[in-house]
Amino acid sequence: MSSMDVPSDSRESPTTTRRAGPAGVRAVVANAPKMSWLTLALMTTSSVASLRSAPTMAVYGLAAVFLYVLPAIVFLLPTALVSAELASGWDGGVYRWVSEGLSKPLGFLAVWCQFAMTIFYYPSLLAYVASTIAYVINPNLASNGPYTAIVIMVLYWSGVWVSSRGTGAVAGLSSWGLVIGTLVPGTLLVVLGMVFLGQGNPSAAPMTASNLLPQWTGLASLVLIVNNFLSYSGMEMNAVHVSSLRNPAREFPRSMFTASGLVLLIFILPALAISWVVPSSQLSLTAGVMQAFDSFFQYFHIGWLTPVIAVALVTASLGGMLTWLAGPSKGLLLISRQEGYLPPFLQRLNKHGIQQNILVTQGVVTTVIALAYALLPNVSSAYWIFSVITTQVYLIVYLLMFLAAIRLRRTQPDHPRGYRAPALVLTCVTGFVASAAAMAIGFVPSSQFGNGSVWVYIAIVGGGLLLLGGIIPYLFLRLRKPSWRMPEESGTEGAVA
């Protein structure tokens, strides 16, 4: 998941505001600013594609192709098509979709999970940043737990300070993320890899047809596929723009297939390039990208480029982090003020109209999680565990979304929709089963953790999922009071914009 765009739940798009009745919908859609299907495809690519997950799949060598394509078919496309139908019929993002299709409490659970997954997302993202920075200072620090923990805490709290001041430069920094931190480094990595192989150097990973499928050694051999579900998340955020297309029924599928192809290229080719030069036994899940760049740069005698690439990757990642610091929490704040889901303390704003108390509370939890990097013996192990918990929590959103889409098609078949997903029930069932399977597989430790305790791993992942995806939202719903509602303030521009 690349975090370039603020989730659609955090604000209501002016292009999708609806009046009562089909005529009102047609009038608004007709007057809305139009965009081409190619523009939407590029926007979607920028909000999904990233190099951060490349080392995770590079461990599998050529089998990374299969491990990326399979979830793209069973998860990426169903998510894109279903969210497009929901976004073209109902404003408000995932909260509105699930509330209309299932219930308001489940709608809150969905928007809560969309926010809560960031609690583990930030430490894993910043661990990647810490490893990247290490290649500018001292590459040996990339696997140092205390160093990683310190960088996570310093960068997160710096991000909170910047976000709490309502700095407008954040959007500009994030919008360049696709070019600065993904397209340019990714292209360079692949080109260097091809030249490296073209000069007769052997690949560190076998590249024969027999290696297209991962070796089957039990469920643990497929565990890394779970990480790809999170890599593909975010497609639903740009579905809100479906009504801005001139011919949604024809152009949206074209846009999504194009975006899916671009995303696959950005994910697969850099992962293969990494596997060509870094043996899987030496590959770090956090520093793998820089390991590959460093190896290529040393081979081609251009080592001076290492810090340049590191700065580009760090800039893009920090831009994404700053955007996500504001996005999900704003969506949660708006819904909570309208329905009274959060206590007043967490709904308070600072003088800049920013939900600072939510950010600070989240920061305390993030700090505690960051300490795990100092305590766990292996930084890659901590990175993987937190990535899995992030995926597990976020998958709850998709499970609810697929169920809501089926029910809305049955209970409100005549509700105006700018786009109708083909074979909706089959598409939803495919996405639901794939998401549920990913959650189940996430409880199986990766083959990399053969020496660790399986039960400790299950307890950490299960405990994180239960706490964030069950206990905390249940307590908010159970303990909420009428006095927690602040609808008269929810429309304040500074509060939610």
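This is a predicted model: local features need pLDDT of at least 70, side-chain atom pairs count only at pLDDT 80 or more; totals for chains, interfaces and linings use all residues.
Just after H13 comes His301, which sits in the loop between H13 and helix H14 (305-339). Most residues other than glycine have a negative phi, and yet His301, although it is not a glycine, has a positive phi of about 60 degrees. Is His301 buried or exposed? With a relative accessibility of 70%, His301 counts as exposed, because the cut-off for that word is over 50%. Ala423, which is not a glycine either, has a positive phi of about 50 degrees, and its place is in the loop between helix H17 (379-411) and helix H18 (424-441).

Turning now to the aromatic rings, the count comes to 14 aromatic pairs. In one of them, the rings of Tyr68 and Phe267 have their centres 5.2 Å apart and their planes at 5 degrees, so this pair is stacked, given that planes under 30 degrees apart count as such. The pair links distant parts of the chain, since Tyr68 lies in helix H4 (residues 64-87) and Phe267 in helix H12 (residues 248-277), 199 residues apart. Both Tyr68 and Phe267 are buried. Elsewhere, ring pairs link Tyr95, Phe108, Trp112, Phe115, Tyr341 and Phe476 into a cluster.

Notes: Residues are numbered from 1 along each chain as its sequence is written. Side-chain values use heavy atoms; hydrogens and water are left out. Helices (H or I, at least four residues) and strands (E, at least two) are DSSP runs, numbered from the N terminus. Rings of Phe, Tyr and Trp (its six-membered ring) pair if their centres lie within 6.5 Å; planes under 30 degrees apart count as stacked, over 60 as edge-to-face and the rest as tilted. Buried means under 20% relative accessible area, exposed over 50%, partly exposed in between (1.4 Å probe, protein chains only).
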